[in-house]
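Trainee: Hi! Could you walk me through this protein?

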Amino acid sequence: MATVEASSSDGKGQGVETPVTYYRLEEVAKRNTSKEIWLVIHGRIYDITRFLNEHPGGEEVLLEQAGADASESFEDVGHSSDAREMLKQYYIGDVHPNDLKPESGNKLLVVLDFPHHRRYSLRFPVPFLLHAGKQILLRRPC
């Protein structure tokens, strides 16, 4: 069941707040057929049912990932910036925060989040930041 629990900027710098719909992963998992196919890519949910017949790699590739997190597969293929832009039209919501899992195992991460620009969140492993900070303080190249 979808829930609207938060709002976010429209990403155009206009400050217009739009509601974010959250879906549980169990709901996404039900959408795994050619009649209705949802994918999760980087915590965002896309209904790509209309795109199934247009996908350059064929519909089989998408059906293999149907109802699941396809982030790794999406990145492994090396999609173009045009493909990433096209993905926006299929966006329907985000994975519910309770269903999100850490992306890099149990490494401690620092998240730099820019709330008005959702796609500009940065994640750095803490040891990297400590090393970089030390190098900056000692004025040595990393």
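This is a predicted model: local features need pLDDT of at least 70, side-chain atom pairs count only at pLDDT 80 or more; totals for chains, interfaces and linings use all residues.

Trainee: How many helices and strands are there?
Mentor: The protein has 5 helices and 8 strands. Here, helices (H or I, at least four residues) and strands (E, at least two) are DSSP runs, numbered from the N terminus. Along the sequence they come in the pattern β-β-α-β-β-β-α-α-α-β-β-β-α.

Trainee: OK, aromatics next. How many aromatic pairs does a search of the whole structure find?
Mentor: It finds 3 aromatic pairs. Rings of Phe, Tyr and Trp (its six-membered ring) pair if their centres lie within 6.5 Å; planes under 30 degrees apart count as stacked, over 60 as edge-to-face and the rest as tilted. One of the pairs is tyrosine 46 with tyrosine 91: the centres are 6.0 Å apart and the planes stand at 65 degrees, so this pair is edge-to-face.

Trainee: Where do tyrosine 46 and tyrosine 91 lie?
Mentor: Tyrosine 46 is in strand S5 (residues 44–47) and tyrosine 91 is in strand S6 (residues 91–95), so their pair ties together parts 45 residues apart in sequence.

Trainee: Is tyrosine 46 buried or exposed?
Mentor: Tyrosine 46 is buried, at 8% relative accessibility. Buried means under 20% relative accessible area, exposed over 50%, partly exposed in between (1.4 Å probe, protein chains only). Tyrosine 91, at 26%, is partly exposed.

Trainee: What about phenylalanine 51 and tyrosine 90?
Mentor: Those two form a tilted aromatic pair, 5.6 Å centre to centre with 45 degrees between the planes. Phenylalanine 51 sits in the loop between S5 and helix H2 (59–65), and tyrosine 90 in the loop between helix H4 (81–87) and S6, 39 residues apart. Phenylalanine 51 is buried at 12%, and tyrosine 90 is buried at 6%.

Trainee: New topic: which arginine lies over the face of tyrosine 91?
Mentor: Arginine 44, at 4.0 Å from the ring centre. A charge sits over a ring if NZ of Lys or CZ of Arg is within 6 Å of the ring centre and within 35 degrees of the ring normal. Arginine 31 lies over the face of tryptophan 38, at 4.4 Å from the ring centre.

Trainee: And how much of the protein is buried?
Mentor: Buried residues make up 26% of its 142 residues.

Key
Residues are numbered from 1 along each chain as its sequence is written. Side-chain values use heavy atoms; hydrogens and water are left out.
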